[in-house]
Amino acid sequence: MTQARTPFGDRALPTPRDEISARLLVGGQGELITAWLQAETSASIDDVVDEATRWFTVGMHA
């Protein structure tokens with residue numbers, strides 16, 4: 001979480017919100033990739049990447 005403070009500075013999420021957000025996003029991403037690899041979702045890899053990018057971008061600025 002400390003690494004986020006360098007690029008985001010004062011805009012970085014405060015503790016413990018930074019850790020909670022990071023764990024939720026990373027855990028969800030892992031679950032989504034697993035579902036995609038096991039063909040349990042109709043999403044394409046482009047859909048996964050696009051949506052993950054949106055969530056990570058929004059999540060780090062929320």
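1. Just after helix α2, A39 takes a positive phi of about 55°. The structure is a predicted model, in which local features need pLDDT of at least 70 and side-chain atom pairs count only at pLDDT 80 or more, while totals for chains, interfaces and linings use all residues. Residues are numbered from 1 along each chain as its sequence is written, and side-chain values use heavy atoms, with hydrogens and water left out.

2. The protein has three helices and zero strands, and from the N terminus on its elements run α-α-α. Helices here are DSSP runs of H or I with at least four residues, strands are runs of E with at least two, and both are numbered from the N terminus.

3. Of the 62 residues of the protein, 16% count as buried, where buried means under 20% relative accessible area, exposed means over 50%, and partly exposed lies in between, with a 1.4 Å probe and protein chains only. The protein exposes about 4800 Å², and carbon and sulfur atoms supply 60% of that area; accessible areas come from the Shrake-Rupley method with a 1.4 Å probe, and for residues only the protein chains shown count as cover.

4. Among the contacts in the protein with a separation of 6 or more, 41% are accounted for by residues 24 or more positions apart, a contact being heavy atoms within 4.5 Å. As for a pair at such a separation, G28 and A52 are 24 residues apart in sequence and 9.4 Å apart in space, C-alpha to C-alpha. G28 has its place in helix α2 and is partly exposed, with a relative accessible area of 36%.

5. Helix α2 has 21 residues and reaches 30 Å from its first C-alpha to its last, which is close to the 30 Å expected at 1.5 Å a residue; the expected span is 1.5 Å times one less than the number of residues. The buried residues in α2 are D18, S21, A22, L25 and A35. They cover an arc of only 165° around the axis, which puts them on the same side of α2, the arc being that of the directions from the helix axis to the C-beta atoms. The face of α2 turned away from its buried side carries the exposed residues R23, L24, E31 and L37.

6. A nonpolar surface patch of about 350 Å² is made by W36, L37, I45 and V49, and α2 and α3 each supply at least two of its residues. Patches are made of residues with over 30% relative accessible area and no salt bridge, with like charges joined within 9 Å and nonpolar side chains (Val, Leu, Ile, Met, Phe, Trp, Tyr) within 5 Å. L37, placed in helix α2, is exposed, with a relative accessible area of 59%.

7. The count of salt bridges comes to two, taking a salt bridge as a side-chain nitrogen of Lys or Arg within 4 Å of a carboxyl oxygen of Asp or Glu. In one, the side chains of E19 and R23 meet at 2.7 Å, N to O; these residues are four apart in helix α2 (residues 17-37), and are therefore separated by about one helical turn. E19 is partly exposed at 34% relative accessibility, whereas R23 is exposed at 57%.

8. In the other salt bridge, the side chains of E51 and R54 meet at 2.8 Å, N to O. E51 and R54 are three residues apart in helix α3 (residues 45-61), so about one helical turn separates them. E51 is partly exposed, with a relative accessible area of 35%, and R54 is partly exposed, at 48%. An α-helix has 3.6 residues a turn, so residues three or four places apart point the same way.
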